[in-house]
Amino acid sequence: MTDNNKPLGDSKAIVTNQPGIHEKLAEIVQKHLTHPSKKPFQAHTLEAFELANSRVLAHQGEVILDSCCGVGQSTRLLAKQNPQALVIGVDKSAHRIERNDEELTATTNTHGIDNFMLVRADLNDFYRLVKQAKWPVSQHYILYPNPWPKAKHIQRRWHGSAVFPEIIAIGKEIVLRSNWRLYLEEFQFSAEISGRSGIISQVKDNQPLTPFEAKYQLSGQVCWQLTIK
Ligand SMILES: C[S@@+](CC[C@H](N)C(=O)[O-])C[C@H]1O[C@@H](n2cnc3c(N)ncnc32)[C@H](O)[C@@H]1O
């Protein structure tokens, strides 16, 4: 079962009223690139950032950022695969972040792995703080972000959001996955406007990196990856 109690393998493909890349996307990205967000930071995200920042400063090395980490399955797996790095998983949902640690450690076989940290924070603020603090992010993962497939919700997608200039500036490599290819095409298009290029490929991993990936694969859907170097 997933955490919203739907059986695995029962996931519907994305339905959208968009025939292609959103017609206003270039304009939206340009506007955000030229007018940085000045929104005040929320207190809870500032506090969470301070805690994560002290761990990053103590680590003095490579950081991997796992944005929208959900229950933190990918955070644990990335920590195991990259023992030299500190992996920081961020999600705004306390319910997901606080999911049973023992169960996840068992399913991901990550006993004794402790080079990771899960943080409850709103990425609209957290990204700006990471950029300001110049974290040495080698890899920046965004795995299966909420798609917001209706055209009118374009600004809720990460590439349509005010924080996109910070998102695209974080990480030597950015890895974005989705079961909706158009989301990746739009992100790739927005990245190019910001001076970064990437390629889209099909995810062929044997072990799903996240619960959403597992759910889509079991439903026979193709999972896509955008890699920006
Ligand atoms: C579709 S889920 C994917 C979770 C996980 N990556 C996976 O693949 O199983 C999207 C996640 O993004 C998180 N999210 C959405 N907006 C966010 C924001 N502004 N700040 C932090 N997390 C956010 C949600 O809480 C949710 O856990």
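**Helix packing, core and loops**

Modeller: This is a predicted model. The buried residues of helix 6 have a cover that includes helix 2, strand 1 (63-67), strand 2 (86-91) and helix 7 (164-169).

Biologist: Which residues of helix 6 are buried?

Modeller: A residue counts as buried when 20 or more other C-beta atoms lie within 10 Å of its own. In helix 6, the buried residues are L123, D125, F126, Y127, R128, L129 and V130.

Biologist: Are helix 2 and helix 6 parallel, perpendicular or oblique to each other?

Modeller: The axes of helix 2 (residues 43-59) and helix 6 (residues 123-133) come within 10 Å. They cross at roughly 40°. Angles under 35 degrees count as roughly parallel, and 65 to 115 as roughly perpendicular. Helix 2 and helix 6 are therefore oblique.

Biologist: Is the crossing of helix 2 and helix 6 left-handed or right-handed, and which residues make the contact?

Modeller: Helix 2 passes helix 6 in a right-handed crossing. Helix 2 contributes T45, F49 and N53 to the contact. From helix 6 come D125, F126, L129 and A133.

Biologist: How do the residues of that contact of helix 2 with helix 6 divide?

Modeller: Phe, Leu and Ala count as nonpolar, and Asp as charged. The contact of helix 2 with helix 6 divides into 4 nonpolar, 2 polar and 1 charged.

Biologist: Is L46 buried, partly exposed or exposed?

Modeller: L46 is found in helix 2. Its C-alpha lies 8.1 Å from that of L129, 83 residues apart in sequence. L46 has 14 C-beta neighbours inside 10 Å, so L46 counts as partly exposed.

Biologist: Which element gives the largest share of the largest nonpolar core?

Modeller: That core has 52 residues. V63, L65, V87, I88, V90, F126 and F187 touch the most other members. The largest share, 5 residues, comes from helix 6.

Biologist: What does V87 touch, leaving out residues up to four places away in sequence?

Modeller: V87 is one of the core residues that touch the most other members. Beyond four places in sequence, V87 touches I64, D66, T75, L78, A79, N82, N115 and F116.

Biologist: At what angle do helix 1 and helix 8 cross, and how do the residues of their contact divide?

Modeller: The axes of helix 1 (residues 25-34) and helix 8 (residues 181-193) come within 10 Å and cross at roughly 45°. That makes helix 1 oblique to helix 8, and the crossing is right-handed. L25, A26, V29 and Q30 in helix 1 meet E186, F189, S190 and I193 in helix 8. The residues of this contact divide into 5 nonpolar, 2 polar and 1 charged.

Biologist: Is N17 buried or exposed, and what is N17 in contact with beyond four places in sequence?

Modeller: N17 lies in the segment before helix 1. With 8 C-beta neighbours inside 10 Å, N17 counts as exposed. Its C-alpha is 7.5 Å from that of P149, 132 residues apart along the chain. Beyond four places in sequence, N17 is in contact with K150 and A151.

Biologist: Where does C68 lie, and what is its phi?

Modeller: C68 sits in the loop between strand 1 and helix 3 (73-81). C68 is buried, with 22 other C-beta atoms within 10 Å. Most residues other than glycine have a negative phi. Phi of C68 is positive, near 60°.

Biologist: What is the phi of Y144?

Modeller: Y144 lies in the loop between strand 4 (137-143) and helix 7. Y144 is buried, with 22 other C-beta atoms within 10 Å. Y144 is not a glycine, yet its phi is positive, about 55°.

Terms used: Residues numbered from 1 in each chain as written. Predicted model: local features only at pLDDT ≥ 70, side-chain atom pairs only at ≥ 80, totals over all residues. Axes fitted to C-alpha atoms, helices over the stretch in contact; angles between N-to-C directions. Helix = DSSP H or I, 4+ residues; strand = E, 2+ residues; numbered from the N terminus. Parallel < 35°, antiparallel > 145°, perpendicular 65-115°, else oblique. Left-handed = near helix turned anticlockwise from the far one by under 90°. Contact = placed C-beta atoms within 7 Å. Core = buried A, V, L, I, M, F, W, Y, C linked by C-beta atoms within 7 Å. Buried ≥ 20, exposed ≤ 12 C-beta atoms within 10 Å, placed from the backbone.
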